[in-house]
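This briefing walks through the strands, the core, the ligand site and a few backbone features of one structure. Please keep the sequence and the model in view while reading.

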Amino acid sequence: MSLFISFEGIDGCGKSTQMIMLKNKLEALGYKVLTTREPGGTPVGEKIRYILLDKENAGMEALTEAYLYAASRALTVRQVIEPGLAGYDFVLADRYVDSSLAYQGQARGLGIDTVYNINAPAIGGLFPDITFLLDAPASKLACRSEAAPDRIEGEGRAFQERAREGYSILARRYTGRYVILDALKGKQRLNEEIVHEVLKRMR
Ligand code: TYD
């Protein structure tokens, strides 16, 4: 049995660090672990990521943005996640479909259901077994990217706050797979809680 785990949260919440810490721990326990990131994770996906995050593309339509994230995701699902679930004990995703629902659906205002419908063919019904949401107010997250924000990070705090609202809606909608964590806790504490939760689900 393999587990598919996603890490979600607004920019600067520490999800990438927590994903790597979990990977290291699981590998130390002898498990085979595959990690992937969205947008990206495949050569074509990395090119789509570049278009999405390039500040020169400031005039991009919200719908275009949503389709581009879904386009990258369709590839990641087929070329990375599905094969990964067949060959590894764990597939860890640094963002997945919930990022689109929170950012394009809620923060951009396209609507969570509209963005879900755009993504449905891309994910083909594949949802994570566990989604760790690292939650904190945007104002409290010391943003490493504030010095050189990419196109999405450059949208500012109010945008991030709307994405956070989106995540809170999703956590209520998908109670079975969501685990909400306080992103302001120390890295080690968070890692312990995440490892505990994952090992609990393995039993
Ligand atoms: P991420 O890779 O988490 O950024 P970084 O590694 O720079 O912290 O995500 C890049 C940006 O893309 C981030 O601002 C969130 C945004 N995003 C969406 O708006 N929708 C999506 O579906 C995804 C996957 C990311």
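A residue is called buried when its relative accessible area is under 20%, exposed when that area is over 50%, and partly exposed in between, with a 1.4 Å probe and protein chains only. Arg 95, at 10% relative accessibility, therefore counts as buried. The model is a predicted one, in which local features need pLDDT of at least 70 and side-chain atom pairs count only at pLDDT 80 or more, whereas totals for chains, interfaces and linings use all residues. Residues are numbered from 1 along each chain as its sequence is written, and side-chain values use heavy atoms, with hydrogens and water left out.

- Helices (H or I, at least four residues) and strands (E, at least two) are DSSP runs numbered from the N terminus, and two strands pair if DSSP finds at least two bridges between them.
- Strand 4 (residues 130–135) is largely enclosed by the rest of the structure, because five of its six residues are buried.
- Strand 4 pairs in the parallel sense with strand 1 (residues 3–8) over four bridges, and also in the parallel sense with strand 5 (residues 178–182) over five bridges.
- Phe 132 of strand 4 is the bridge partner of Phe 7, and Phe 132 also stands opposite Val 179 in strand 5.
- Glu 197, which is found in helix 7 (residues 187–202), is in contact (heavy atoms within 4.5 Å) with Phe 132 and Val 179, leaving aside its neighbours within four places in sequence.
- Glu 197 is itself buried, with a relative accessible area of 13%.

**Ser 6 in strand 1**

- Ser 6 has its place in strand 1 and counts as buried, at 0% relative accessibility.
- Not counting residues up to four places away in sequence, Ser 6 touches Ala 93, Tyr 96, Pro 128, Ile 130, Thr 131 and Phe 132.
- The side chains of Ser 6 and Thr 131 make a polar contact at 2.9 Å; such a contact is a pair of N or O atoms within 3.5 Å, where within protein one must be able to donate a hydrogen and the other to accept it, and residues adjacent in sequence count only if both atoms are side-chain atoms.
- Ser 6 and Arg 37 lie 31 residues apart in sequence, and their C-alpha atoms are 9.6 Å apart in space.

**The nonpolar core**

- A nonpolar core is a set of buried Ala, Val, Leu, Ile, Met, Phe, Trp, Tyr and Cys residues joined through side-chain atoms within 4.5 Å.
- The largest such core has 57 residues, and those with the most contacts inside it are Ile 5, Phe 7, Leu 22, Phe 132 and Val 198.
- Helix 3 (residues 62–87) contributes the largest share of this core, six residues.
- Leu 22 touches several residues beyond four places away in sequence, among them Ile 5, Phe 7, Ile 194 and Val 198.

**The ligand and Arg 95**

- An N or O atom in the side chain of Arg 95 is 2.6 Å from an oxygen atom of the ligand, and one in the side chain of Tyr 69 is 2.9 Å from an oxygen atom of the ligand.
- A polar side-chain atom of Gln 104 lies 2.8 Å from a nitrogen atom of the ligand.
- Arg 95 is found in the loop between strand 3 (90–94) and helix 4 (97–107), and its phi is near 80 degrees, a positive value in a residue other than glycine.

**A cis peptide bond**

- The peptide bond from Glu 38 to Pro 39 is cis, with omega near -10 degrees.
- Pro 39 is found in the loop between strand 2 (33–37) and helix 2 (43–53).
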